[in-house]
Amino acid sequence: MNNNLRINKNNFIDQTVRISFKFNGKKLFGYKGDTLASALLANNIHLVGRSFKYHRPRGIMTCGSEEPNAIVQVGNDPALTDPNVRATEIELYEGLEAFSQNCWPSVNFDIGGINNFLSPLLPAGFYYKTFMWPASFWEKYEFFIRHSAGLGKSPTKPDQDLYDHQYVHCDVLVIGGGISGILSAKLSAEKGLNTILIDDKSYLGGSTIYQDNDIFKINNETSNAWLKNQIEKLKKIPNLTIKNRTSVAAFHGYNYLLARENLTDHLGANERKGKIRQRLLKIRAKKVVIATGAIERPLIFSNNDRPGIILSSSIKKYIDYYGVKTGENISLFTNNDSAYETAISLNKSGVKVKVIIDIRENPSSILSEKIEKTGIKILRGHTITNTDGYKRIKSIDVMKLSKDGENVVGNKTTYKCDCLGISGGWTPMVHLFTQSGGKLKFRNNDNVFIPDENKTPSEQISVGSSNGDFELDDVINNTVKKIKIFLRLDKNDYENLDIKCSKEKQKRNIWLLPSNKPTSKSKPFLDFQNDSTAKDVKLALREGFKSIEHVKRYTTTGMGTDQGKLSNMHALGIIADTTGTNMGELGTTTFRPPYTPLTFGAIVGRNVGEFFDHTRRTAIHDWHVENKAEFENVGQWKRPWYFPKNGETMYQAVQRESKAARESAGILDASTLGKIDIQGEDASEFLNRVYTNAWSKLAIGKCRYGLMLNEDGMVYDDGVTTRLGENHYIMTTTTGGAANVLSKLEDYLQTEWPELNVYLTTVTDQYSTMSICGPNSKKIIKKIIPSLDLSDESFPHMSFKNSKIDNVNCRIMRISFTGEHSYEINVQSNYAKDVWEKCIAAGKEFNITPYGTETMHLLRAEKGFIITGQDTDGTLTPSDLQMDWIIGKKKYDFIGKRSLYRSDTIREDRKQLVGLLTDDPNEVLEEGAQLVESLEKPIDMLGHVTSSYFSPNLNKSIALAVVRSGKKLKGKKLIVPMENKNINVTITDTVFYDKENKRLNA
Amino acid sequence: MFIINCPYCGERDQTEFSCGGEAHIERPKQPTELSDDQWAEYLFMRKNIKGIQFERWNHIHGCRKWFNVVRDTSNDKIHAVYKMGERPPLK
């Protein structure tokens, strides 16, 4: 067999630059300008993969992004390998290594091929029907199904490539660099508009740039020569940007588009180093011109999927653009004139075309007349009923079609061939148009969905074949006419061109071509990647699926990585024919972004690793790092979790820290708590409205704990607020709730209570907070600020004083989240580390112990203090938390008040906060564990554990939980069922330690 | 992804804003005098219209002001933008 199918004469391939690459381990050669597909075809390799379900041999079928079969794994580096790459799109580079997918052990001998012979047993919905029951068996099936499913292999190591995002703005964005896109971009740029032209290929000019055919002429030049000239002129216009190798993935409202620019995928490994691989362009365009072209349709007949069966226009591109013969004995099968153009190209390059089978009775045109002069045989009104050849097409069976096209008549003739070109007409690429909100209309005479001019979103148009203009004169004249109106242009050079081209005279379309074999024995493939056949679609209809969206999902037609670019129209056509519906009424399935698959790398861009999210660090962070803190992420904050000493485990460190805080002194960096400065003459009234308790009578210099609800009565946030002056408060919020609380308060002030004179300012970052607690905290503060009167009379619990530490102004609050005598020092953040170090130094003689969030949680749990977001989850009222005391009963209104006595919130069997003690004091419960009364099935779930610790101060395990009707269940025994054991617990009060609050003033 | 003309800052990308749901739902002045049903009507019931919807928006990553937007939810076209307390232009 001839393994070099390259012809010599060529304008687009640089045959002086030879490129070596490997396919399935075999070393091969191609040239600069090749795609992997064209290089493989030049090496006479058609078989590139196996189909998804039946593992049938499949070959290269197209030359672009619509390719369903030739998808390969590129590279074998565990970090850089790329699955599901279309061989028709990837440009050849030195050292390219590609592998077939979905086959084992090899593409030539694939064990899964057995499925092809089992295919009568594998109808549409096979997996749904077979693996439904018994339900408990799914785990057993799953392994095998998962193993045999999926295309390609994911990289196993982190991606080392660089990706980027860029915001782009322009007056006019033209999508598609074919002839209509070129003319649109040129007219736009010449008017002085800032224009961007995007095309997914490495060159401009679409299919016209290689249309070297005397029949197609513009101003007496062949169309390709004329267009080449226009492109040269276009490239010189300064206000035009051309983006090649760039694919628009999504077209959103307000002309916002996403496009992926490939920057290095066509380069060899050495040239890629240090460069950005792909860039996601976020484009905002004032106007958009869609010139995305059309894709040729296949024809649906039995065994239409064999390697060597290629779209007719792709055969033309391989010969005219890449200089590659896709076979040496080619036949063509068509329902329109495009195949004749392919035949002329092949004939000109000396490739034998044996026969053209045309389903039309009388397809005469300039093109067909020219073909007849060459002596190529044309079989009119005929169809192919079957093909033969396993790994490459060998022959075709041809029969005459009946007048109505529903049957075949007469005798079968067999023709040998090594390649078959098929053309079922053209499908405009309306994906982006519909994504943007445009609606389609159906054109009956050639069965295409095209953009409806009356249902096109503003500031965009579709031109060229994506708008349903398929012939050269229509493409140019209609594009120029539409652009002139769209961009409000004066007269231009393109209005009176002398255009010559062939005009199609007859059309005939049969979605599913008839065969002489019974349906059960035929395999007319619709979706080549997902292996769904016309039979599957008909079966789905018989089984009662009516909606096209349901048929699609049941049969998986159009659900491969190609998203049915080739198959969808035929599926719709067969549904319409079978159900007797008009296709226009049937509509299409939804076109969703992305148009072609995007890499995750392009989507995330630079937002990986430490750029994934903002990291907030307190002003004291460096000290924590120096002192070996382990950190916990709380929202965006890094908070010290615990401070392990001498190789302690977390448990050991937390036990030590917790004991030290109660026995002598502990210090916590509480800077992450939200702080909102509230000022204005109505500040007190405002707090009255947002908190459940009363604020008007809070004296200046005093602090109060407040609970904030949503309007639905559920606890939202909590914290201590201090009255600094007559009209001045500082509110603290939870760390995670800070931003949302501020937004909520601003919302009420701006929209519900604009009459209140209140100003809110977030000062979370401006002030740092350190909390010193424990029986020796008073002595430490005394050492730092000797002048401060710390007596209980002068400075009682829940009060505040302004003071100075050396020369640094500070606010000192006597508030406690641990139940110990404690002080919170607030200073400007730029002094915080210094003040913190002073506290540590002053506390040294008392063994002051820095502690983190885990110890803080343990200490407050000993006291039964809640943490909103841990013990609450947006479904608990203050009463559910046994905090009825904090409801200002006399208050007329506050946020959420009315909800506290809705029929649902006053139910007694709501989940309520309780304490839990385990019968075995050493058994620590798992947070989230379920609570039940009995293990008899069906087991009634009563609630779950929200907080659980081993308390070193009580020397036993303690927990908080929410339990149905919990308030009434004190003393009740419950069970916590775990995987290997059942733990017995007793419901208790929520306060475990120092119930009388004696230690606050100790 | 639409563009919103903030009445205080001008045209900005949608990513700078957050939507606060249906507009012109006033918090009852005397909640305690409402029945459970009346309160539930205020608390839970929101329209989800395909077509012209009056919405509250907040320029949360900008001036942080709340304002109203008249948006066609079927195509995201914004017909009007007006400040809190101003009369709705189309109602």
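Residues are numbered from 1 along each chain as its sequence is written, and chains are lettered from A and ligands numbered from 1 in the order in which they are written. In this predicted model, local features need pLDDT of at least 70, side-chain atom pairs count only at pLDDT 80 or more, and totals for chains, interfaces and linings use all residues, while side-chain values use heavy atoms, leaving out hydrogens and water.

Start by selecting residues 162-294 and 427-500 of chain A, which form domain 2, and then 508-599, which is domain 4; the bounds come from an automatic or database domain assignment. Their C-alpha centres are 29 Å apart.

Next, show the contacts (heavy atoms within 4.5 Å). They join 21 residues of domain 2 to 19 residues of domain 4. About 1,600 Å² is buried between the two domains, 67% of it on carbon and sulfur atoms; buried area is the accessible area (1.4 Å probe) that two parts lose on being put together, summed over both.

On the domain 2 side, select A:His431, A:Asn447 and A:Phe449. These residues lose the most area to domain 4, together 33% of what that side buries.

Now look for salt bridges (a side-chain nitrogen of Lys or Arg within 4 Å of a carboxyl oxygen of Asp or Glu): the count between the two domains is zero.

Finally, colour by DSSP runs (helices H or I, at least four residues; strands E, at least two; numbered from the N terminus). β13 (246-252), β15 (276-290), α11 (431-435) and β26 (440-443) each give two or more residues to the domain 2 side. β13(A) gives the most, with five residues.
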